[in-house]
Amino acid sequence: MRMQKVRRTLADYDALPERTKADFIEGELVMAPPPTPWHEQLLMRLVHEVAAALGDRWDRRVFVSHLEIRVAGEAAQPDLVVLPDGTRATGPDWKPPMPVFAAEILSPSTESHDRGAKLRFFTRAGVPEAWII
C-alpha cells in the first residue's frame with residue numbers, strides 16, 4: 001500500500017477519524033498505510049532500549065505512534081517520542097509538552113516524506129533530537 005499525500009488544510013486533518021495515522025506538514029495531508037510487522041517489531045525494540053536508558057518512570061515519558069506534535073498550523077505523529085523529565089499525563093484533554101526526542105522508522109512508502117518534510121518539521125518545532133531509523 002502506498003502513502004497518500006494531498007494538498008489540504010489543517011481543518012481537513014482535524015476532521016480525520018480519531019487514531020488515524022497522518023501528518024499535516026507544509027500544506028500537505030499525508031496518510032501512511034498501516035505499519036508492517038517488521039516496522040512494529042523494530043518500534044517495540046526501540047521502546048525497550050529507550051525505556052532501559054531512561055530508567056524509572058519511563059512509561060510517563062515514552063509514547064508511540066499517535067502522540068501528536070502540533071506547532072504553527074502543522075501537526076505530526078512520530079513513531080516514538082520522549083517527553084521531558086517530570087512529564088505526566090493528567091487526563092483525556094491533556095496537551096503534551098514538546099518532545100525532547102522523536103524517532104521515525106523508515107518504510108519504503110514513507111521514506112521520502114520522513115527524510116524530508118517530517119525531519120524539517122521536527123527542526124521547525126524545536127525538537128532537540130530526531131532520529132531516522
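A salt bridge is defined here as a side-chain nitrogen of Lys or Arg within 4 Å of a carboxyl oxygen of Asp or Glu. The model is predicted: local features need pLDDT of at least 70 and side-chain atom pairs count only at pLDDT 80 or more, whereas totals for chains, interfaces and linings use all residues. Residues are numbered from 1 along each chain as its sequence is written, and side-chain values use heavy atoms, with hydrogens and water left out.

**View A. The salt-bridge network of E26, E74, R120 and R124.** Salt bridges link E26, E74, R120 and R124 in a network. Within this group, the side chains of R124 and E74 meet at 2.9 Å, N to O. R124 belongs to helix α3 and E74 to strand β6 (residues 74-76), so their contact ties together parts that are 50 residues apart in sequence. Helices (H or I, at least four residues) and strands (E, at least two) are DSSP runs, numbered from the N terminus. R124 is partly exposed, with a relative accessible area of 43%, while E74 counts as buried at 11%. Buried denotes under 20% relative accessible area, exposed over 50%, and partly exposed the range in between (1.4 Å probe, protein chains only).

**View B. The salt bridge between D23 and K118.** Nine salt bridges are present in the structure. One of them joins D23 to K118, with the closest N and O atoms 3.0 Å apart. Because D23 lies in strand β2 (residues 22-25) and K118 in helix α3, this pair ties together parts that are 95 residues apart in sequence. D23 is buried, at a relative accessible area of 5%. K118 is also buried, at 2% relative accessibility.

**View C. The salt bridge between E68 and R70.** The closest N and O atoms of E68 and R70 are 3.1 Å apart in this salt bridge. E68 is partly exposed, its relative accessible area being 29%. R70 is likewise partly exposed, with a value of 38%.

**View D. The open four-stranded sheet.** The strand order is β4-β7-β8-β9, and the pairing is mixed. Two strands pair if DSSP finds at least two bridges between them. The edges are formed by β4 (62-64) and β9, each of which pairs on one side only. Averaged over the sheet and with direction ignored, neighbouring strands are turned by 15° against each other. Strands β4 and β7 run antiparallel and are joined by three bridges, with V62 opposite V82 of β7. Strand β7 (residues 80-82) is in turn antiparallel to β8, again over three bridges; here V82 stands opposite F101 of β8.

View E. Three bridges connect β8 with the parallel strand β9 (residues 130-132), and W131 of β9 is the bridge partner of A103. From β8 the chain passes through helix α3 (residues 111-125) to β9 in a right-handed β-α-β crossover. A crossover is right-handed if, with the strands pointing away from the viewer, the path from the first strand over the helix to the second runs clockwise.

**View F. Helices α2 and α3 against the sheet.** Helix α2 (residues 37-54) lies across β4, β7 and β8 and runs at about 10° to β7. Helix α3 packs on the sheet and touches β8 and β9, its direction making about 175° with that of β9. Contact means heavy atoms within 4.5 Å. Axes are lines fitted to C-alpha atoms, for helices over the stretch in contact, and angles run from 0 to 180 degrees between N-to-C directions.

**View G. The aromatic pair of F101 and W131.** The structure holds three aromatic pairs. F101 and W131 form one that is edge-to-face, at 4.9 Å centre to centre and with 90° between the planes. As F101 lies in strand β8 and W131 in strand β9, the pair ties together parts that are 30 residues apart in sequence. F101 is buried, with a relative accessible area of 9%, whereas W131 is partly exposed at 39%. Rings of Phe, Tyr and Trp (its six-membered ring) pair if their centres lie within 6.5 Å; planes under 30 degrees apart count as stacked, over 60 as edge-to-face and the rest as tilted.
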